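Reader: Hi! Could you walk me through this one? I'm new to reading structures.
Author: Happy to, ask away.

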Amino acid sequence: MSSPRPNLAAAYDPEHFRRLGHQLVDQLADHLARTTRREGPVLPWAPPATNLERFPADFPEEPSGDFPALLSRVLDASQHLHHPRFVGHQVSAPVPLAALCDFASSLLNNGMAVYEMGPVSTVMEHHVVRWMAGVLGLPEGAGGVLTSGGSAGNLTALLAARQAKAGHDAWNGGASAGPPLTVLVPETTHYCVSRSVRVMGWGAEGITPVPVDAHYRLRPEALEEALATAKRAGRRPIAVVASAGSTATGAFDPLEAVADFCARHDLWFHVDGAHGASAALSPAYRHKVKGIERADSVVWDAHKLMLMPALVTAVLFREGHRSFEAFAQEASYLFHGQDTRRWSDVALRTLECTKEMMALKLYACLSVLGTGLFSDAITDTFDLSRRFAERLQAAEDFELAVTPDCNIVCFRHTPAGVPASELDALQVRLRESLVTSGDFYLVQTTLGGRVWLRTTLINPLTTDEDLATMLDALRAGV
């Protein structure tokens, strides 16, 4: 009987893995301790060319045994989301327990295309999805899947909407099998919705924009004209996409009014709640998503306000069987028999075939840490955002773009003596100074043709004092 080569045997040696695992956890725990104590920069800024040199592709033929040293350099040079002064993109500071689940998931590597390849994670996904649907108030027959991010989630939902409302079998017949289709979306909708309709072959006119109000929320009274515009252009509208927590400002569209419009016109009602659907977990802010229970489909990212590592996105359907209509496939090596609607074969309903055990981390954290942890985190970050907005409104040298609907706050520094024509350039320069110094990480956006600084208060360890210090740093940078 042949034996594995020595180098392969060493790579799979359990005791070697044990030693490295202990070192890894120690390094990560030390990193977590430093960053949560606000030690070191948020982002140790370096231009791309520098990191190309720091991490070259000079891979040795023989083992180097230098994993701890490599990991140390990775930790030092990476973005530090657990630092309470990370207030940038909509990416969570993951709860550490979820990271341990990812550790286990990577070693088990249960692909989840069919039940037998992921028996435990398949069942966990089934329960997590049903629980999330229940939180939103969707009916008993609701269901869905987990997928790899909001872009894949919105595409999945729109594919199901197409099968339900196009009036022809677009999956098998293609885009030319019927009239050209379109969806009505607010002007502030995330670009992935436009990308999805283009992927489906609808072109630029696959999106029919709907105006938004001064708070960047969809104007429901504008839906009728948008519908008429689409029909005059020879398009068949099949759906309305509303936002629950838009990307630019965190705005929540008036979901009940949109649901009424969709019911009158027999349109699919889809809610992109990637960011804001989590508000349903907070008793104080659940009213933000009133009407979401009437949606035909909802996308909800757990890797934003639910503290999960990326990527964990739920695609939820009011009628659970719709989840089987997004994709059609024939693969006899995977799917056997005549039943093509088995909930236990997840790849029947997802863009992915091989999919990681993403339900494990969410199921484990809900089971071990309890749902109250997530409710508290959402409530606290929304509360913090409201207080930050009030601080900005009270300051004479800052301007608030709009009262925040959730944990996204957009503002500008407007010091006396700076001409209005120079304020856009000032915001860009101030942000660059803070980011490259490593003191804070925040981003910028353009609203109404003007540049604004944009913060997402998503780390539950961020405090009012951190934000006050950031404003002082902006003042000092003028």
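Reader: Is Leu70 buried, partly exposed or exposed, and what is its relative accessibility?
Author: Leu70 counts as partly exposed, because its relative accessibility is 38%. Buried means under 20% relative accessible area, exposed over 50%, and partly exposed in between (1.4 Å probe, protein chains only). One caution: this is a predicted model, where local features need pLDDT of at least 70, side-chain atom pairs count only at pLDDT 80 or more, and totals for chains, interfaces and linings use all residues. Residues are numbered from 1 along each chain as its sequence is written, and side-chain values use heavy atoms, with hydrogens and water left out.

Reader: Thanks! Where does Leu70 lie?
Author: In helix α4, residues 67-77. Helices (H or I, at least four residues) and strands (E, at least two) are DSSP runs, numbered from the N terminus.

Reader: Switching topic: why is strand β9 described as largely enclosed?
Author: Because 6 of the 6 residues of β9 (residues 408-413) are buried. On one side sit Ile408, Cys410 and Arg412, on the other Val409, Phe411 and His413, and all are buried.

Reader: Which residue stands opposite Arg412?
Author: Glu399 does. Strand β8 (residues 398-400) runs antiparallel to β9, with 3 bridges joining them. Two strands pair if DSSP finds at least two bridges between them.

Reader: And what about β11, how many bridges join β9 to it?
Author: There are 4, and these two strands also run antiparallel. Phe411 stands opposite Leu453 there.

Reader: Last one: which peptide bond is cis?
Author: The bond from Ala310 to Leu311 is cis, with omega near 5 degrees. Leu311 is in the loop between β6 (297-301) and β7 (313-317).
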